[in-house]
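Subject: Structure handover

Hello,

Here is the structure we spoke about. Please look it over first; my notes follow below.

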Amino acid sequence: MDFLDEMLSRGCSRIVSRFSPRKNIVKSDAGANSGHPHEEILFVLSGRSEYFFNNSIYQLEPGMALLVDSWLPHGFGYKSIDHDLLHCWCYYTNGKWTVSVIEVGARGKITVKEVFLHLPQELSMLLIGRWRKLFVRESADQETVNKLLLLPLNLLLNELMILRSEPHNEPPAVSELLKTFICNCNGRNCSLDKLASVVGLSRCHIAHIFHKETGVTIGDFINSVRSKYIKHAEKYGLSRKEIASELGFSSAGALGNWMRKHNVED
């Protein structure tokens, strides 16, 4: 059993959700945080750090899982003080779960260790179905949260171990990795240099192979993801400033210029 399997095998022992007691309540810094229509789960596999979640600062420790509901404010990226972390991020986008295991080194530098794009449909349905039962509640105690989601979360971690052990488990195509990363970030901070570092290839190579495999450029794909996010965010009621922050624009004006350039409707 290698180190990652050992960490996965320890499972989830504590769930933090929007129903968890708030501690160290702070004012949200929109520029450093995120909110989006898809659900996310953060499994802390190793290392300790602080994290902004649901307008509070939580102390992250191994065995913890954070349930990030759609549009729930939470931290984006890692700070320079973060180091020696192994985190497993799970994203529910386009009707399926994708999983990225990342290592956070010195000064918050991220290295993607492994990516899983094809979780079993029955597991995906169980997990999101239980989560939706929780989401519609106005309140819930920790016992209820655990009853609904502790088992599905541990099944997910166990499934990752099974997928890693399969001898013919082909690595995902580069374009699939890039599309998944871009969608999960809503196109924010997705420069060619950043994307190249994610997959460990050169800028020129990822640009060429992405266009070859998808028929569109990386830039065009990022623009389509941004446009889709804007429609969701406006429907949800986010301000132009909040949308600009989520998408990585310096101001609402810069976002407006981009929207006009790319014929994105107000």
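The protein has an average pLDDT of 90, and 97% of the residues score at least 70. pLDDT is the predictor's confidence in each residue, from 0 to 100. This is a predicted model: local features need pLDDT of at least 70, side-chain atom pairs count only at pLDDT 80 or more, and totals for chains, interfaces and linings use all residues. Residues are numbered from 1 along each chain as its sequence is written, and side-chain values use heavy atoms, with hydrogens and water left out.

Confidence is lowest in strand β2 (residues 33–34), with a mean of 81, and highest in β3, at 97. Helices (H or I, at least four residues) and strands (E, at least two) are DSSP runs, numbered from the N terminus. Where pLDDT is low, the predicted coordinates should not be read in detail.

**Strand β8**

Start with strand β8, residues 85–93: 9 of its 9 residues are buried. Buried means under 20% relative accessible area, exposed over 50%, partly exposed in between (1.4 Å probe, protein chains only). Both faces are covered. One side carries Leu 85, His 87, Trp 89, Tyr 91 and Thr 93; the other has Leu 86, Cys 88, Cys 90 and Tyr 92.

β8 pairs with strand β3 (residues 39–46) in the antiparallel sense, over 7 bridges. Pairing requires at least two DSSP bridges between two strands. Leu 86 in β8 stands opposite Ser 46.

β8 also pairs with strand β9 (residues 96–104), again antiparallel, over 9 bridges. Here the bridge partner of Leu 86 is Glu 103. β8 and β9 form a hairpin with 2 residues between them. Asn 94, in the turn, has a positive phi of about 55 degrees.

**Cysteines**

How many disulfides does a search of the whole structure find? It finds 0. A disulfide is a pair of cysteine sulfur atoms within 2.5 Å. The sulfur of Cys 88 is 4.2 Å from the closest cysteine sulfur, in Cys 90, so it is too far for a bond. Cys 88 is buried, at 0% relative accessibility. For Cys 12, the closest cysteine sulfur is also in Cys 90, 11 Å away and too far for a bond. Cys 12 is buried too, with a relative accessible area of 7%.

**Helices**

Helix α4 (residues 174–185) and helix α5 (residues 192–199) pack at an angle of about 125 degrees, with their axes 10 Å apart. Axes are lines fitted to C-alpha atoms, for helices over the stretch in contact, and angles run from 0 to 180 degrees between N-to-C directions. α4 and α5 are therefore oblique to each other. (Under 35 degrees is roughly parallel, over 145 roughly antiparallel, 65 to 115 roughly perpendicular, the rest oblique.)

Best wishes
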